[in-house]
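Subject: Structure for you to look at

Hi,

Here is the structure I promised to pass on. Please open it first, then read my notes below.

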Amino acid sequence: MTKKILIAVLILIGLFVVSYASSKLVNISDNRDKIAVIPITGVITIDGGGIGFESQGASSTDIVQYIQEANKNSNVKGILLEINSPGGSAVASKEIADAVKNSKKPVVSWIREVGASGAYWISSSSKLIVADPLSITGSIGVTGSYLEFSDLFEKYGVTYERLVSGKYKDTGSPYKELNDDEKRLLQDKINQIHEVFVDQVAGNRKLNRNEVEKLATGEFYLGKEAYDLGLVDYLGGKDLALNLTKQLAGIKEAELIRYEKKRGIFDIVGGLTAKNFYYMGKGIGSEIKTSSYEIPVRLE
Amino acid sequence: MKLKMRESFYAVSFWRRLIAYLVDLVVINLVVVLPFNLLFKEKIAINDLGFLINSNPEKLFSIVFTGIIIAILSVAYWALFEYFLSQSLGKMLFGIKVISLRGSLKFSQCLLRNITKFSSLLLLFDCIYMINGNGMRYFDKLSKTKVVGT
């Protein structure tokens, strides 16, 4: 019995030693300086959207996670946000902007074709913004516009039966016209979000609030215009953005690591299948009903 | 004159062998896999191998090499235990052992019968052979070994 135990222990120790020695040989983790490149592409929402073969937008849940992971990685010295987004939901944009502000590593935003509205909010939270002279940026404003079908339904003899317990419960329903009171209510909410947006940009860019308020008409600016207005710091491309990130990080050379999830074929098929089974169970009719009262307030 | 008593063996159920296998997997995780886990300083919250490779493409070779080493050492665990002791730790716990159907158990037999264990999928296919009711995996038959209860 003792011999048996001894042999067992020797085998286990032998295997552990070989395993440990092999793990030392394998250079899994190196200590080279890195810059994390985090793409923000498409419409910004909490979950990124995109079903089946639809292209996904930017998920604030994922991006915040990437920023946090980059901060935890001791080899990552700086973060470069590669932005190509028209904006998105107010909450999702703010989540990312807050994560950028709370980052202990320097963050540089590089705006490519579009970095407008919510995407500009995110950029403004970073230390520096680099944009192409022809990039589309700015668009500081909020929209909650939606299609309203009451006249169309009336034309076809379809009526809207209103059954609510609070007078504003169906405000924003596309099946009825907004009355003045409701319009005032929604406009007030949009104005509040707008104020927060303006405050954030003014604070982040260290600009006079009144000046930003004047710029916050929703107008988009080309990169060169934004540069003249103080909304971006440099005009240039990836090389400039990278060099600035390295400068802020205090390093000369860096390896780039890209933080993004790629959807494989199983994710796409799984998403399609899951969605189909969900609707089969729930019933298409109830889905139309539950989606009717969302007011799409967006920074786009 | 002493009479040498023959050891009596009996066939072992699939479920007993399966649980013994799972116990061995736990041991292998502690002894073989854990040293590699300690090297992963970069915590991948997403727990996605695809993300790991995408964010560190130069590590692809390291990751593949690690996989090969773990596979070899896993098979070595079973082969060494069965050669020296006729049973792995999981088999010891459940009172089962490996015997050779032709003379004494050789190392080559132990290696051959365990070669599919580096891959769960290969092992699954190997186990399908047990449907014919003889209690042997295909590689048990190939290596001329049998798992019996003591």
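Start with one contact between the chains. A polar atom of the Ser19(A) side chain lies 2.5 Å from the backbone oxygen of Val32(B). Keep in mind that this is a predicted model.

Where is Ser19(A)? It sits in helix H1 of chain A, which covers residues 2-25. Is Ser19(A) buried or exposed? Its relative accessibility is 0%. Buried means under 20%, so Ser19(A) counts as buried. Look at what surrounds it. Leaving out residues up to four places away in sequence, Ser19(A) touches Val31(B), Val32(B), Pro35(B), Phe36(B) and Leu73(B).

Now chain A as a whole. It has 300 residues, and 42% of them are buried. Its secondary structure comes to 11 helices and 12 strands. Take the contacts between residues at least 6 apart in sequence: 73% of these join residues at least 24 apart. Chain A exposes about 16,300 Å². Carbon and sulfur atoms supply 57% of that area.

Next, a sheet in chain B. It is open and has 3 strands, in the order E1-E3-E2, with antiparallel pairing. Which strands are at the edges? They are E1 (10-11) and E2 (96-100) of chain B, and each pairs on one side only. Strands of a sheet pair through backbone hydrogen bonds, either parallel or antiparallel. Here, E1(B) and E3(B) (residues 145-149) run antiparallel and are joined by 2 bridges. You can find one of the partners quickly: Tyr10(B) has Gly149(B) as its bridge partner in E3(B).

Last, the surface of chain B. There is a nonpolar patch of about 680 Å². The residues that make it are Tyr83(B), Phe84(B), Phe107(B), Leu111(B), Leu112(B), Ile115(B), Tyr138(B) and Leu142(B). Three helices of chain B, H3 (60-85), H5 (107-114) and H7 (138-143), each supply at least two residues. Which helix gives the most? That is H5(B), with 3 residues.

Best wishes

Methods
Residues are numbered from 1 along each chain as its sequence is written. Chains are lettered from A and ligands numbered from 1 in the order in which they are written. This is a predicted model: local features need pLDDT of at least 70, side-chain atom pairs count only at pLDDT 80 or more; totals for chains, interfaces and linings use all residues. Side-chain values use heavy atoms; hydrogens and water are left out. Helices (H or I, at least four residues) and strands (E, at least two) are DSSP runs, numbered from the N terminus. Buried means under 20% relative accessible area, exposed over 50%, partly exposed in between (1.4 Å probe, protein chains only). Contact means heavy atoms within 4.5 Å. Accessible areas come from the Shrake-Rupley method with a 1.4 Å probe; for residues, only the protein chains shown count as cover. A polar contact is a pair of N or O atoms within 3.5 Å; within protein, one must be able to donate a hydrogen and the other to accept it, and residues adjacent in sequence count only if both atoms are side-chain atoms. Two strands pair if DSSP finds at least two bridges between them. Patches are made of residues with over 30% relative accessible area and no salt bridge: like charges are joined within 9 Å, nonpolar side chains (Val, Leu, Ile, Met, Phe, Trp, Tyr) within 5 Å. A salt bridge is a side-chain nitrogen of Lys or Arg within 4 Å of a carboxyl oxygen of Asp or Glu.
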